[in-house]
Amino acid sequence: MASFRLDGRASLVTGAGRGLGRAMALGLAQAGSRVMLVDVDPDGLADVETEIRDAGGQAASAVVDVGEEKQVEACMAETVRRLGGLRVLVNNAGVTSRSPFEDLAQEDWDRAVRVNLTGTYLCSKHAARLMMAQGGGSIINIASMSGLVGNRGGDNSHYCATKGGVIALTRSLAVEWARHKIRVNALAPGYCMTPMTDRLKLRDPAFYQELIGRVPLGRFGTGQDLAAAVVYLASDASAYVSGSVLVIDGAYTAW
């Protein structure tokens, strides 16, 4: 089990202020990693940082817009300064909105591309430069089952397009950066328990139950489901795994 430990390694998680990002950051800290928490929400960051420190872990945080290259570059330098390096990057920050594609406003398209795809590009680019100098690392991109199949929830084709792009980028970078001993993988979650699905449950309980009924395992995913997978992909337990897309969807896309 020692191969799953991350002691002495520094990780950076984007979108770490709440929801699934928070759970993944906590999981990395519990496995022994020092964690840089990144989000646009300072209050959420402060809460997660306190939670990690109260549990005996090491954490730092930075308010960063992942679509702004200067902010990303400065954050990477701050990570090295405060945590001593960077071995693991989790590209989790993401946004979506709902609209029929024929009515989709360009600003909604641009926002999804900017955060979900450009943010992954910028963070991966600047993290990889550090990892190359350190002899390798692990990049974990949070994609979605919506990047693999049409989402029957509907009205978010722009989100699906960006997550499909993240999957293609993951596979290409895994090949390109293998010579630098940088592994690049993706998680493709299905429906998960998040503040967004909590709001859906209140707004439309019938549709919420319908979505659960579509999942063969009979439930939505949890932050712990993703956290365990992130720890695996960040650790030496997955040393020969690169270019993979691990689907975590309760068998939703299997039928």
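## Exercises on a helix pair and a loop

Helix 4 (residues 106-134) packs with helix 5 (residues 157-176) at an angle of about 15 degrees, and their axes are 9 Å apart. The model is predicted.

**Exercise 1.** Decide whether helix 4 is roughly parallel or roughly antiparallel to helix 5.

*Solution.* Start with the angle: about 15 degrees. Angles under 35 degrees count as roughly parallel. Therefore helix 4 is roughly parallel to helix 5. The crossing of the two helices is right-handed.

**Exercise 2.** Find residues that make the contact of helix 4 with helix 5, and sort the contact by class.

*Solution.* Take helix 4 to begin. Its contact residues include Trp109, Val113, Leu117 and Ser124. Turn to helix 5. Among its contact residues are His158, Tyr159, Lys163 and Leu173. By class, the contact has 9 nonpolar, 6 polar and 2 charged residues.

**Exercise 3.** Is Ser144 buried or exposed? Find its contacts too.

*Solution.* Locate Ser144 in the loop between strand 5 and helix 5. Its relative accessibility is 5%. Buried means under 20%, so Ser144 counts as buried. Next, leave out residues up to four places away in sequence: Ser144 touches Tyr159, Lys163, Ile167, Leu187, Ala188 and Pro189. Last, a polar atom of the Ser144 side chain lies 2.9 Å from the backbone nitrogen of Ser146.

How values were computed. Residues are numbered from 1 along each chain as its sequence is written. This is a predicted model: local features need pLDDT of at least 70, side-chain atom pairs count only at pLDDT 80 or more; totals for chains, interfaces and linings use all residues. Side-chain values use heavy atoms; hydrogens and water are left out. Axes are lines fitted to C-alpha atoms, for helices over the stretch in contact, and angles run from 0 to 180 degrees between N-to-C directions. Helices (H or I, at least four residues) and strands (E, at least two) are DSSP runs, numbered from the N terminus. Angles under 35 degrees count as roughly parallel, over 145 as roughly antiparallel, 65 to 115 as roughly perpendicular and the rest as oblique. A crossing is left-handed if the near helix is turned anticlockwise from the far one by less than a right angle, and right-handed if clockwise. Contact means heavy atoms within 4.5 Å. Ala, Val, Leu, Ile, Met, Phe, Trp, Tyr, Cys and Pro count as nonpolar, Asp, Glu, Lys and Arg as charged, and the others, Gly among them, as polar. Buried means under 20% relative accessible area, exposed over 50%, partly exposed in between (1.4 Å probe, protein chains only). A polar contact is a pair of N or O atoms within 3.5 Å; within protein, one must be able to donate a hydrogen and the other to accept it, and residues adjacent in sequence count only if both atoms are side-chain atoms.
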